[in-house]
Amino acid sequence: MDDLLQEFISETQETLEALAGEVVAWEADPSDSDRLDAIFRFFHTVKGSCGFLNLPRFERLSHAAEDVLSDIRAGKRTADPATVSAVLGIMDRIGELAEAVAAGAALPNENDDFLIAALQAKADDEGDGVSTSVNEPQAVAAVTPRQGGAQSGPRTIRLPLSLIDQLMNGVSDMVLARNELSRKLRERTADPELDNVFERLSTCVADMRDVISKTRMQRVDRLFAAIPRMVRDLGRELGKRIDLSLEGGDVEMDREMVEMVVDPLTHIVRNSIDHGIETPEKRRAAGKPEAGNLRLEARQSGNQIVIAIADDGAGIDTKRLVDKAVSAGRLTPEAATRMSETEKLDLIFQPGLSTANQVTAISGRGVGMDVVRANVERIGGVIALDNQPGQGLIITLRVPLTLTIIPGLIVRAGGQHFAIPRAAVIEILHDNNDMLTISHVGGAKIATIRSVRHSMLDLEDVLGMEKPVQSGPRAIMVVRSATGTPFAMGVSAVDNHEELVIRPASPLVMATGVYAGMTLPDNGKPMLLLDAAGLASAANLPDMADDRTTRHSEERAGADESAEMVAALRFEELSGERRLLKLSLIERVEDIDASLFGRSGGQAFVRLDGRLVPVANGLHSFDRDKVCALRLRDDRSEACYPVAAVLDIVQMPAVPDMVAMQGVISGVAVIDGEHLEVLNPFALFAALPDSAIAERTQGRCLLADSQDGWTREILAPLLRQAGHDVILGLPADGAVDPADVVLCTDPDAVQAAEMIGCRVVHLRASPRPAGPQEDGSIYRYDQAALMAAIGGQRA
């Protein structure tokens with residue numbers, strides 16, 4: 001019986017969650033018999049199951065709702081707002097009872113008679129012929145109609161979430177063990193058979209990990225399930241008419257991420273209804289339709305989920321927001337006059353600031369928006385605002401697809417390694433950089449970066465570790481805090497970046513407040529994951545939001561401060577020009593081996609992480625071993641842009657000072673008195689190939705001395721690692737391509753190889769030629785000369 005009761009409660013809660021939106025959609029379209037039938041079946045099922053489960057309150061409530069819905073199906077009653085509200089009230093009470101039974105708590109002692117009486121009173125009114133028209137605004141949920149006809153759902157089973165988590169942890173351990181095995185194999189002599197077996201194992205592990213990861217995924221529909229009911233209830237309470245549109249419910253994300261996003265999304269929607277969308281009277285006066293539009297859209301972009309909440313309300317009044325900040329003592333009038341529009345809008349995230357005239361049960365924008373951003377950033381996401389005063393507001397949430405695996409940076413401090421989410425880091429530079437100055441004020445450290453002052457801490461000091469003496473410069477990281485005000489953090493070095501498998505740390509470790517968990521990299525040594533908000537709190541960093549308005553430098557003191565500015569990377573091209581590129585397009589900057597670049601089908605590429613990435617500026621041959629490259633990404637494509645050097649990060653106008661749309665150049669911007677060309681990202685990504693690059697080798701390498709041990713064990717693996725197609729021995733039928741290259745060590749074999757019609761490279765065993773027969777030959781351990789000869793060049 002316990003198992004049956006638990007299954008009944010689980011099914012009831014799941015059905016209730018999805019059914020609330022169906023009831024609201026049915027209210028908007030009472031002729032939708034399919035939805036009415038689904039709601040009726042729910043109450044009928046609950047009533048039928050309660051008899052042998054001994055749940056009399058469930059049975060009484062569901063029986064009353066079933067009677068009303070039966071009359072509506074028979075045409076004896078109408079689905080007016082009052083009836084729908086009464087049905088929703090019954091559903092809420094059943095949900096409360098189900099939650100109490102699931103938790104093993106005492107059932108709520110509310111009087112169910114009031115809910116049932118609301119239904120019965122309505123029925124009596126209609127039976128007496130009394131008109132009960134209700135002139136109330138209502139929220140309408142724009143839900144896609146269902147397809148007609150009965151459809152059989154997929155076969156499913158119920159599993160405890162703890163079991164799925166245990167499976168995921170086991171597969172994560174397998175991935176870590178595979179990575180460690182891969183590292184061990186790379187340290188040993190290449191064995192083709194063993195490599196093939198390992199590749200099959202890696203494929204199986206990857207497939208298993210993908211399948212088990214999907215068991216943790218849930219549709220975004222679950223996030224949206226409660227939104228129609230919330231919009232309806234708040235719209236009626238506030239006297240507003242709202243048209244709701246939900247898009248992208250079929251997008252999937254980690255169930256843990258769904259639970260973390262529910263609260264921020266709910267808060268934003270409530271604020272949009274309360275303080276964003278105006279009343280019908282105000283909308284008519286402003287020339288808008290009486291019904292406001294609220295749109296929620298979810299989509300996947302790479303390894304992120306993007307959720308946009310847009311309304312066509314009044315937007316945010318930044319002037320009122322600044323006035324509130326000044327009156328609250330958070331901002332000086334002088335600083336307010338120097339603020340850009342973006343900085344004024346960021347004030348909405350300051351604790352306690354709101355443009356609402358009074359605080360109500362439904363808080364206005366600004367009341368709690370600091371908590372919303374803190375919650376979003378705590379899970380590695382970001383929140384952005386697109387404000388159009390008088391026209392509306394778009395709030396965009398970008399959150400990771402999963403909390404289990406996140407991109408992170410590996411930092412070194414106090415002789416130990418720690419991890420930090422990459423999304424929490426804004427910028428990294430060294431303490432010997434000319435753009436950075438570190439000063440001590442009142443016992444605290446202040447880092448000034450390009451005229452912007454940040455509170456600063458050293459990671460060793462916060463963790464109680466000894467700061468090691470090092471010969472090179474220390475790394476200074478600009479980190480996002482929970483309040484949105486960045487702070488600087490000093491570490492010994494930033495060693496690497498990689499995808500991190502996150503696990504909970506022990507309770508004692510988590511109790512310190514400075515760690516967000518632990519991770520196991522491929523070397524098998526556990527690392528602690530740093531919590532940026534916890535570090536700032538432990539260091540007692542002051543809130544320096546007021547000081548952020550002093551970032552304007554002297555050269556822009558007389559400029560028009562209303563111009564929109566964006567962050568840009570200043571760099572030097574390999575050809576010597578100094579240019580700018582919008583920083584938000586650059587995923588990261590890294591040094592890449594020049595040997596990984598190549599060209600195929602007229603398109604330059606670089607081999608990264610086992611795949612071919614197009615090179616945006618077409619360069620593929622360099623006079624250096626390592627090439628500094630910018631990794632660029634839009635929402636779908638990825639590209640590499642080799643440069644000579646990265647100089648610094650600057651603020652540039654969103655529209656260049658001189659617009660000149662020529663090729664990949666969009667114009668010229670003046671930064672620090674220097675005229676710099678601005679790259680056009682539209683042209684860069686438009687020039688990328690629309691299909692995957694197929695790498696083509698420049699002919700085969702035919703090893704004539706196939707029985708020679710040195711040729712098989714040393715030369716052949718070297719050529720394969722360099723990306724060449726290697727054939728042991730000459731083709732029996734003599735079929736060769738003019739692009740093929742024959743390599744041989746026996747002088748007698750050279751003449752025979754020359755007769756088959758392709759290039760021949762003669763390799764000798766001694767560093768110097770032993771006689772005339774070895775003229776033109778290459779020392780077999782001269783790798784540069786060997787590769788140049790295969791490529792048809794002279795070393």
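This is a predicted model: local features need pLDDT of at least 70, side-chain atom pairs count only at pLDDT 80 or more; totals for chains, interfaces and linings use all residues.

Visitor: Why is Met489 called buried?
Guide: Met489 has a relative accessibility of 0%, and the label buried applies under 20%, so Met489 counts as buried. Met489 sits in strand β16, residues 487-491.

Visitor: What makes up the surroundings of Met489, leaving out residues up to four places away in sequence?
Guide: Met489 touches Ile420, Leu457, Leu459, Ala475, Ile476, Met477, Val479 and Leu535. Contact here means heavy atoms within 4.5 Å. Ser455 is 34 residues from Met489 along the chain, and their C-alpha atoms are 8.6 Å apart.

Visitor: Why is His44 called partly exposed?
Guide: The relative accessible area of His44 is 41%. Buried is under 20% and exposed is over 50%, so His44 falls in between and is partly exposed. UniProt, in an unreviewed entry, also places the feature "modified residue: Phosphohistidine" at His44.

Visitor: How do you know that Leu163 can be part of a surface patch?
Guide: Patch residues need over 30% relative accessible area, and Leu163 has 34%, so it clears that cut-off while being partly exposed. Leu159, Leu163 and Leu167 make a nonpolar patch of about 240 Å². Leu163 lies in helix α6, residues 161-186.

Visitor: And what makes a nonpolar core?
Guide: Buried nonpolar residues joined through side-chain atoms within 4.5 Å. In soluble globular proteins, nonpolar side chains tend to be buried together. The largest core in this model has 48 residues, and Met253, Val269 and Leu294 touch the most other members. Helix α10, residues 255-276, gives the largest share of this core, with 7 residues. There's also a second, separate core of 33 residues, including Leu55, Ile72, Val84 and Ile90.

Visitor: Which residues is Met253 in contact with, leaving aside neighbours within four places in sequence?
Guide: Met253 is in contact with Arg216, Met217, Gln218, Val220, Leu223, Val258, Val261, Ile305, Val399 and Leu401.

Technical notes. Residues are numbered from 1 along each chain as its sequence is written. Side-chain values use heavy atoms; hydrogens and water are left out. Buried means under 20% relative accessible area, exposed over 50%, partly exposed in between (1.4 Å probe, protein chains only). Helices (H or I, at least four residues) and strands (E, at least two) are DSSP runs, numbered from the N terminus. Patches are made of residues with over 30% relative accessible area and no salt bridge: like charges are joined within 9 Å, nonpolar side chains (Val, Leu, Ile, Met, Phe, Trp, Tyr) within 5 Å. Accessible areas come from the Shrake-Rupley method with a 1.4 Å probe; for residues, only the protein chains shown count as cover. A salt bridge is a side-chain nitrogen of Lys or Arg within 4 Å of a carboxyl oxygen of Asp or Glu. UniProt positions are given in the numbering used here, feature names are shortened, and annotations may be inferred rather than shown by experiment.
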